[in-house]
Amino acid sequence: MTVYYDDLETRAQAIREADQLDHLRAILATLREAAGTVVPDVVITSMADLTKFPVLRKSDLGQWQKEKPPFGGMYVSNVTHVFQSPGPIYEPGGSGHDWWRFGRFLHACGIGTDDIVQNCFGYHLTPAGTMFENGARAVGAKILPAGTGQTELQVQAAADIGTTAYAGTPDYLKVILEKADEMGVTLNITKAAVSGGALFPQLRQYYADRGISCMQCYATADLGHLAYETIPGEGMIVDEGVIIEIVTPGTGDPVEPGEVGEMVITSLNPDYPLIRFATGDMSAVMHGESPCGRTNMRIKGWMGRADQTTKIKGMFVRPEQVAALVAKTGADRARVIADREGDADKMIVRLEGAAIDPDAANAAVQDLLKLKGQVEVVATGSLPRDGLVIEDLRTYET
């Protein structure tokens, strides 16, 4: 019988949405009362109203933080840590119970009070190590703050203290196990909670063959835990503390259910709320509920990067420009294709929709993309629903 982290995981979707909307309205009220914060005057009555808020991008945070360090004037409270990620971008952290919400994922991995977790995520500057430690404390597990590297010492520690669970990137556990084999040491690790890299099927099978159940989650330094596996092959269940939208890259416009798009997250963390934060990662919604009994929306996991910025004829073409092209031409969607013709770059712009004026479309392409290209108007439904708005077909032979 499945034991859930809490009752939130199995509630009806209508109850979940109503509760999340209440939390969101409370957060907006706090932000509007806080000095120095500017919040759009939007009344939230349904999830659809989220689209009335602008999309917040990491580049925005970076610029704001330069102007007003350390957090760019964003609302924060109960902060005990400051972390630095590449960019640099600075993220706040807290020490409250399950502050980043990783306890839910670790519980789904079967990790609890009887476990010792060897936490091999980094503890220096970036937040991953502290995030997972905070989650392990939430489920009552003991933690070895191992960090990365010094594999022989990792093996020795795991053997000496009886480590039962691993937290870290998918591939580093294999390094530890192979080093243990080389040293003739038997380890007692039977559970693995991984993130920060691809968990390939053959690697998961390698662990399964050694009696280790390995599950992965999706998380970011800015937002914390976002979605997690409970059954391999059944997608990732969205965390109860966030709202995930899938939008066309470069826009805030939701795609149709099941289509690939960029993940935009609204975090309901009252200490550091982020509204419509663009992750830059692509995914799609999975239809139906998980066989594990949890009722929240599922996503298909990481499906590539949304930043499809491509240089064509020496000029960068960005998803935001393609979105502006769609709006200006009245198209349903657009796809910019970079190709080669002889030794030169070639740009094809396909616009999908009815009643598109070809001459006006050509003028819009030159105005917005600053390039000339072959413009093709195609029938509704012609373009693939794979999340790509810029496709690079060029190959370079040496």
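Predicted model: local features only at pLDDT ≥ 70, side-chain atom pairs only at ≥ 80, totals over all residues.
View 1. Gln 321, Ala 324, Leu 325, Lys 328 and Thr 329 of H8 meet Ala 361, Ala 364, Val 365, Asp 367, Leu 368 and Leu 369 of H9. The crossing in which H8 passes H9 is right-handed.

**View 2. The open sheet formed by E19, E18, E17 and E20.** These four strands are arranged in the order E19-E18-E17-E20, with mixed pairing. Strand E19 (374-378) and strand E20 (390-392) stand at the edges, and each has a single partner strand, so that one side of each is left without a neighbour in the sheet. From one strand to the next, the twist averages 20°. Strand E17 (residues 333-341) and E20 run parallel and are joined by three bridges, and Ala 338 has Asp 392 in E20 as its bridge partner.

**View 3. Helices H8 and H9 against the strands.** H8 lies across E17, strand E18 (344-352) and E20, and runs at about 125° to E17. H9, in turn, lies across E17, E18 and E19, and its direction is at about 125° to E18.

**View 4. Contact between helices H6 and H7.** The axes of H6 (residues 172-183) and H7 (residues 201-209) come within 11 Å and cross at roughly 40°, which means that H6 is oblique to H7. The crossing of these two helices is left-handed. On the H6 side the contact is made by Leu 173, Lys 174, Leu 177 and Glu 178, while H7 contributes Leu 203, Tyr 206 and Tyr 207. The residues of the contact of H6 with H7 divide into five nonpolar and two charged, with no polar residue among them.

**View 5. The hairpin of strands E1 and E2.** Strand E1 (residues 81-85) pairs with E2 in the antiparallel sense over five bridges, and Gln 84 stands opposite Tyr 90 in E2. Three residues lie between the two strands of the hairpin, and Gly 87 in the turn has a positive phi of about 150°. Strand E2 (residues 89-93) is mostly covered, with four of its five residues buried.

Technical notes. Residues numbered from 1 in each chain as written. Heavy atoms only, no water. Axes fitted to C-alpha atoms, helices over the stretch in contact; angles between N-to-C directions. Parallel < 35°, antiparallel > 145°, perpendicular 65-115°, else oblique. Left-handed = near helix turned anticlockwise from the far one by under 90°. Contact = heavy atoms within 4.5 Å. Nonpolar A, V, L, I, M, F, W, Y, C, P; charged D, E, K, R; others polar. Buried < 20%, exposed > 50% of the residue type's maximum accessible area, 1.4 Å probe, protein only. Pairing = 2+ DSSP bridges.
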